[in-house]
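Please look over the sequence and the model shown here.

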Amino acid sequence: MNDFSNNPYSELFSKQNNNQYVIGNRTYKERLKTLNKLQHAIEVTYRTQIQDALQKDLGKPVVETELTEIYAIIGDIKHTKKHLHRWMRKQKVETPVSMLGSGSYIKYQPKGVCLIISPWNFPFNLTFGPLVSAIAAGNTAIIKPSEMTPNSSALMSEIITAVFNDDEVALVQGEVAVSTELLKLPFNHIFFTGSPKVGKIVMKAASQHLASVTLELGGKSPTLIDKTANIDNAAKKIMWAKFLNCGQICVSPDYVLIDESIKVAFIASCKKWLQTFYNDSPKTSDSYGRIVTDKHFERLSEHLDNAKALHATFEVGGDTDRASKYIEPAIISNLQPEATLLEDEIFGPILPIVTYKSLDMAIAYVNSKPRPLALYIYSKSKTNTKKILNNTRAGGTCINNSVLHYANHNLPFGGVNNSGIGKSHGFFGFQGFSNQRAVMKQYTFGVTELLFPPYSSFKETLARLTIKWF
Ligand code: NAD
C-alpha cells in the first residue's frame, strides 16, 4: 500500500475512507433527508447568492441561472427522490435451470470515496448534479470545482460546509495543482467533467489505482440540417441553443452542416431570430452573457482573426470588447478547411456554417472527426433522419431541437470515446456511482454438485446433456 501521508488531502481522504461504510449503509429515508437538506440550501437559503455569484463570474442573466442551474439541480434532486427507493432495491435476475436450487440478484452498493472534478461553464449544475447521484448511491465525495469561476466556487464551498460534515462531503478549492494532488489519492471512483485533454490526464491518474471513471467531456457537436427541414424553426432553436451562456456549453451546436441549397434562407432566418432575442445590440441586452476569463476571450478572438485571415464571410457579428469580455454572436461561412474554427471545440458564441452537396458527404464529414457529445438533426424526412442516426455515433441526439435531451432525467447523458466515458443523470448517474454486486444464493441442493470430481463417463455424459439442454 502506498504512503499518502505527505499528500495535503490525505487526512480528509482518510476521514471519508473510514466513514464510507457508515454513509454507504444509510437507509433510503436517511439518503432522502440528505437530499432534502441540499435541495433546501439551493432552492431557498442560497438561491439569491447563487444568482449573484453567476452574474459576477459569467454575467449570467437571472432567467438562465434559474433554468440552467437552479431548475437543473432541483429537477435532478426531485427525480432522484421519486425513484430512489426502487433504484436501491435489489434487482432479481433469472437463474438458469442448470443452477436449480439457487436464486440471483444484483445489489447496488456505493463505490466508496469519490472525487468530483467540475468545470466552470455551469458551475453549480455540473458540481451538484454528480453530487446528487453520489449521495443517492451512498458515497462520500471530495469536490474540486473550477478555479475560473471563483465567486461560484467560494459559494459552493460555503453551501457544502453548511450542509455536510467533511467526513461525508467536502469541497476543496484551487487550481490544477490541487487536482493533481487529489488525483494521487486512491479514490474508488472519479467523476470528471471537462475537456478531453484533461480527461486523459484524469484517466491516466485513475489507472494508478484502477479507480473507475466517469468522464463527461466535450468536442465538436454538429447540427445537420437537410433540405426538408423547417428552416425558420431550425434557425430559431439553433440561435437559442448556440448563444445561450455565450456558447459556453458542452452540448452547444458547435457548427452547422447544411444542404447548400438552403444556406441563404437559413442565414436570413438566423439574423431575424438574433434580432428578436438580443435586439440590434447584444452588448446592451440583459439576455446575453459574457466570456468567462481573459484567456478564453483571447482564444476566441484568435479564432475570429484566423477566419478573417482566411477570408471567411462574417454573415453576422464578430465584434469584440476586451474590457468587458464581450463577443458579439457571430455566424461565419465560407471557411477554408484548415480554419481553426473547424478543428477545435469552439466553446463560445461563434457558429461556423459548412455546406454539403449530398447527405452521404455530410455523414462522411461528421465521421471524419472524433465522435461528438451531441449531434442534432433538423429534418422532416424519416428516411434521412434514420440514415443519419444509423450511420453516425454520438453521445446523444435531438431531432428537430437542440440541447434539450440534456434536460430529460430519464435519458442517459454522456459522450462516446473522445466526448466521454460512462453516463450520468437519473438512474444512469446512480448506476455510475454504484458497484453492481452480483449475488447468487444457494437455497437447496445444487445440481452442479453432481458434476464435482472424481469425474466419470457418466459425469461426462451429464456435462454434454447440460450443454445441449440447458
Ligand atoms: P478543463 O478540462 O480545463 O477543466 C475542468 C476541471 O479540471 C477544472 O476543475 C480544472 O481545475 C481541472 N483541471 C484543469 N487542468 C487540469 C490538469 N492538468 N490536471 C487535473 N485537473 C485539471 O475544462 P473547462 O475549461 O473547465 O471546461 C470546458 C470543457 O469541459 C469543454 O471541453 C466542454 O465541452 C467540457 N464540458 C463537458 C461537459 C459534459 O457534461 N460533458 C459539461 C461542461 C463542460
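Where does Asn-417 lie? Asn-417 sits in the loop between β16 (396-399) and β17 (420-421); helices (H or I, at least four residues) and strands (E, at least two) are DSSP runs, numbered from the N terminus. The model is predicted, so local features need pLDDT of at least 70 and side-chain atom pairs count only at pLDDT 80 or more, while totals for chains, interfaces and linings use all residues. Residues are numbered from 1 along each chain as its sequence is written, and side-chain values use heavy atoms, with hydrogens and water left out.

Asn-417 is exposed, with a relative accessible area of 51%. Buried means under 20% relative accessible area, exposed over 50%, and partly exposed in between (1.4 Å probe, protein chains only). Asn-417 and Leu-373 are 44 residues apart in sequence, and their C-alpha atoms are 9.1 Å apart in space.

Helix α5 covers residues 125-136. The expected span of a helix is 1.5 Å times one less than its number of residues. For the 12 residues of α5 this gives 16 Å, which agrees with the 16 Å between its end C-alpha atoms. In α5, 12 of its 12 residues are buried, among them Asn-125, Phe-128, Pro-130 and Ile-135. Just after α5, Gly-138 has a positive phi of about 90°.

Ile-135 and Gly-138 also line the largest cavity, together with Ile-23, Arg-26, Arg-31, Thr-34, Asn-139, Glu-168 and Val-169. On a 1 Å grid over the protein atoms alone, a cavity is a set of points where a 1.4 Å probe fits but cannot get out, and lining residues have an atom within 4 Å of a point. Grid points are joined across faces, edges and corners, and a volume is the space filled by probe spheres set on the points. There are three cavities of 30 Å³ or more. Residues lining the second largest cavity include Lys-242, Cys-250, Asp-254 and Glu-345.

Glu-345 is also one of the residues that come nearest to the ligand, along with Lys-144, Glu-147, Ser-195 and Leu-217, out of 28 around it (a heavy atom within 4 Å). A polar side-chain atom of Glu-345 lies 2.6 Å from an oxygen atom of the ligand. For Lys-144, a side-chain N or O atom is 2.8 Å from a ligand oxygen atom. Ser-118 instead places a backbone N or O atom 2.8 Å from an oxygen atom of the ligand.

How values were computed:
On a 1 Å grid over the protein atoms alone, a cavity is a set of points where a 1.4 Å probe fits but cannot get out, and a pocket is an open set with protein on both sides within 12 Å along at least five of seven lines; lining residues have an atom within 4 Å of a point. A polar contact is a pair of N or O atoms within 3.5 Å; within protein, one must be able to donate a hydrogen and the other to accept it, and residues adjacent in sequence count only if both atoms are side-chain atoms.
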